Amino acid sequence: QKLKGIYKEFLFLKNLKKQKNLDAGIVSCYHLGQVILYRLYGYLFNFPLVYNYVEMAHSLDSRRALRLKINDYLFERFLIPSMDGAFPISEVLMEHYKKIAPKKGILKIPILCEFEKFDVEVEKPKRDYFLFCGALAYQETVNFILEAYDLLPKEC
């Protein structure tokens, strides 16, 4: 299925380029192989790649396995600087990208939120509950939640 997906993705991008509907690609993952594949697509179909820079992979606690450390080292050392530009979300990431890729395009897109929209009266729930709002990609958070469930009494 994965090979079929790669092939269909290739055909999809080829078709977009043929229709002149492929201006750029935005990469938002840490997987070395996948990003190398997108670099190849960018080269083959002549479109720039921009990195959606939201975190430094090596600083995540969930990425301590040796294979992930190697992936992150190569990714941060070679692939991020090879991008045609970046969308960092903070000053720290912006400064870091300027340092590793000084001649590349950069546009800070901070995470914005209008907190007053969430300042609403909420009825107290009738019983305790556990709620997860977020992406499954954050394995560290998912593991934390599952471990918290394990601490609950069995009758809950």
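This is a predicted model: local features need pLDDT of at least 70, side-chain atom pairs count only at pLDDT 80 or more; totals for chains, interfaces and linings use all residues.
1. The axes of α1 (residues 2-18) and α2 (residues 32-45) cross at roughly 30° and come within 11 Å. The two helices are therefore roughly parallel to each other. Their crossing is right-handed. On the α1 side, the contact is made by Ile6, Glu9, Phe10, Leu13, Lys14 and Lys17, and α2 brings Leu37, Tyr38, Tyr41, Leu44 and Phe45. Sorted by type, the residues of this contact are 8 nonpolar, 3 charged and no polar.

2. How many residues does the largest nonpolar core have? It has 27, and Val27, Tyr51 and Phe75 are those with the most contacts inside it. Two or more residues come from each of α1, α2, β2 (49-53), α3 (66-82) and α4 (91-100). Helix α2 gives the largest share, 6 residues. As a general point, nonpolar side chains in soluble globular proteins tend to be buried together.

3. Tyr51 deserves a look in your viewer. Setting aside neighbours within four places in sequence, Tyr51 is in contact with Val27, Cys29, Tyr30, Phe75, Ile80, Met83, Gly85, Ala86 and Phe87.

4. Finally, is Asp72 buried or exposed? Asp72 sits in helix α3 and has a relative accessible area of 1%, so it is buried, the cut-off being under 20%. Not counting residues up to four places away in sequence, Asp72 touches Tyr30, Ala57, His58, Arg63 and Arg77.

Methods: Residues are numbered from 1 along each chain as its sequence is written. Side-chain values use heavy atoms; hydrogens and water are left out. Axes are lines fitted to C-alpha atoms, for helices over the stretch in contact, and angles run from 0 to 180 degrees between N-to-C directions. Helices (H or I, at least four residues) and strands (E, at least two) are DSSP runs, numbered from the N terminus. Angles under 35 degrees count as roughly parallel, over 145 as roughly antiparallel, 65 to 115 as roughly perpendicular and the rest as oblique. A crossing is left-handed if the near helix is turned anticlockwise from the far one by less than a right angle, and right-handed if clockwise. Contact means heavy atoms within 4.5 Å. Ala, Val, Leu, Ile, Met, Phe, Trp, Tyr, Cys and Pro count as nonpolar, Asp, Glu, Lys and Arg as charged, and the others, Gly among them, as polar. A nonpolar core is a set of buried Ala, Val, Leu, Ile, Met, Phe, Trp, Tyr and Cys residues joined through side-chain atoms within 4.5 Å. Buried means under 20% relative accessible area, exposed over 50%, partly exposed in between (1.4 Å probe, protein chains only).
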